[in-house]
Amino acid sequence: MVYVADDARYEPMPYRRVGRSGLKLPAVSLGLWQNFGDDKPIANQRAILRRAFDLGVTHFDLANNYGPPAGSAESNFGQILREDFRPYRDEMIISSKAGYDMWPGPYGVMGSRKYLLASLDQSLNRLGLDYVDIFYSHRADPDTPLEETMGALHTAVTSGRALYAGISSYSPELTREAVRIMNDLGTPLVIHQPSYSMFNRWIEADLLDTVDELGLGVIAFSPLAQGLLTDRYLGEVPADSRAAKGGSLKSGMLNDETLGRVKALNEIASGRGQSLAQLAISWALRNDRVTSALIGASSVTQLEQNLAAVQNLTFEEAELAAIDEHAKD
Ligand code: NDP
């Protein structure tokens, strides 16, 4: 059936400004790292994307290597974009990245100009787009001069293949340097994409202050700690869960100590009338230096539950203190 977006789609979701740029992102954005490869039914992918857009999610985050196999998430998203979302392209912020292993040999990984621009062209081809809204350096490359990696992002923007440039998982020091280089080139970086959750608080030490001072926005990836910060693992490990697949979420992470903290946080969530997933998302967004929480979802039910987190983004001091007891790296 032809997809027609819900007229009420902009009502439920707050939109937050990305640093000091003109761009706004939904408080919750959807990532396609897992759940959108060729191993997942396209009908489920389509249902998740349609529901997300109907609930105000305007930002969809991809990378060259998302799948499996690498590239298939962009191809599948490109197909659904063509079939369902073509009339809505100007209402969407679509991002991609390059930095991790993509094709064999020295030009298919890390941060060279050769790799970044070839990869971006391949991503555009798979997506069926002329441009992405945000193009990221997916990780810092210690062997490539930062001027070269940033120069490639600058070319991506000036050549019209991307509207904005971003960096992911860069240290505060490299972020500062990258911003200086990009300002000199005349293409300011607008966004940093780091990991951040109640179980991974590294950005609180320095990065948040650094990006705040520099005027970048932050989109926090894996705010649910890949599903740990949900009710998914409160009982037996479900057969269809990420942990059961033994990929990026190792079953060793489900130890008694961690699960004890998950249970304690689940109690705090209940006290707020939220699910644990909702608490984790609200907490990541509790101060507006985090522009957007970048979640994953393997079903429409998960997605709907997660997006409802935006209905309660405020915390009492006592709640934050109670969370701090258990929210540790
Ligand atoms: P999350 O921490 O949100 O984990 C998502 C997973 O948690 C889902 O696949 C699902 O697991 C489980 N889950 C989600 N909602 C619920 C719920 N309500 N109840 C129970 N379980 C739930 O994020 P991801 O780790 O998926 O990362 C999100 C995005 O961040 C990626 O798609 C990508 O765009 C970006 N990212 C960027 C990186 C970078 O280097 N820049 C690295 C990693 C991610 P299950 O499959 O078991 O159902």
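This note walks through the predicted model in numbered points.

1. Some ground rules. Residues are numbered from 1 along each chain as its sequence is written. The model is predicted, so local features need pLDDT of at least 70 and side-chain atom pairs count only at pLDDT 80 or more, while totals for chains, interfaces and linings use all residues.

2. Confidence. pLDDT is the predictor's confidence in each residue, from 0 to 100. The protein chain averages 97, and 100% of the residues score at least 70. For the complex, the predictor gives an ipTM of 0.99 and a pTM of 0.98.

3. Helices (H or I, at least four residues) and strands (E, at least two) are DSSP runs, numbered from the N terminus. A closed barrel of 8 strands runs S3-S4-S5-S6-S7-S8-S9-S10, with parallel pairing. From one strand to the next the twist averages 30°; axes here are lines fitted to C-alpha atoms, for helices over the stretch in contact, and angles run from 0 to 180 degrees between N-to-C directions. Two strands pair if DSSP finds at least two bridges between them.

4. Two strand pairs to look at. Strand S3 (residues 28-31) and strand S4 (residues 59-61) run parallel and are joined by 2 bridges. Gly 31 has Asp 61 as its bridge partner in S4. Strand S8 (residues 189-193) is mostly covered, with 5 of its 5 residues buried. Buried means that 20 or more other C-beta atoms lie within 10 Å of a residue's own (exposed is 12 or fewer, partly exposed in between; C-beta atoms are placed from the backbone).

5. Helix H8 and Gln 278. H8 is mostly covered: 9 of its 9 residues are buried. Its cover includes S3, strand S9 (217-221), helix H7 (256-271), S10, H9 and helix H10 (317-324). Gln 278 sits in H8 (residues 276-284) and is buried because 21 other C-beta atoms lie within 10 Å. Not counting residues up to four places away in sequence, Gln 278 touches Ala 269, Gln 305, Asn 306, Ala 308 and Ala 309 (contact means C-beta atoms, placed from the backbone, within 7 Å). Gln 278 and Leu 307 are 29 residues apart in sequence and 7.8 Å apart in space, C-alpha to C-alpha.

6. Gly 19. Where is Gly 19 found? Gly 19 lies in the loop between strand S1 (15-17) and strand S2 (24-26). Why is Gly 19 called buried? Because 20 other C-beta atoms lie within 10 Å of Gly 19. Leaving aside neighbours within four places in sequence, its contacts include Val 190, Ile 191 and Gly 217. Gly 19 and Asp 288 are 269 residues apart in sequence and 9.6 Å apart in space, C-alpha to C-alpha.

Definitions and conventions: Two residues are in contact if their C-beta atoms, placed from the backbone, lie within 7 Å.
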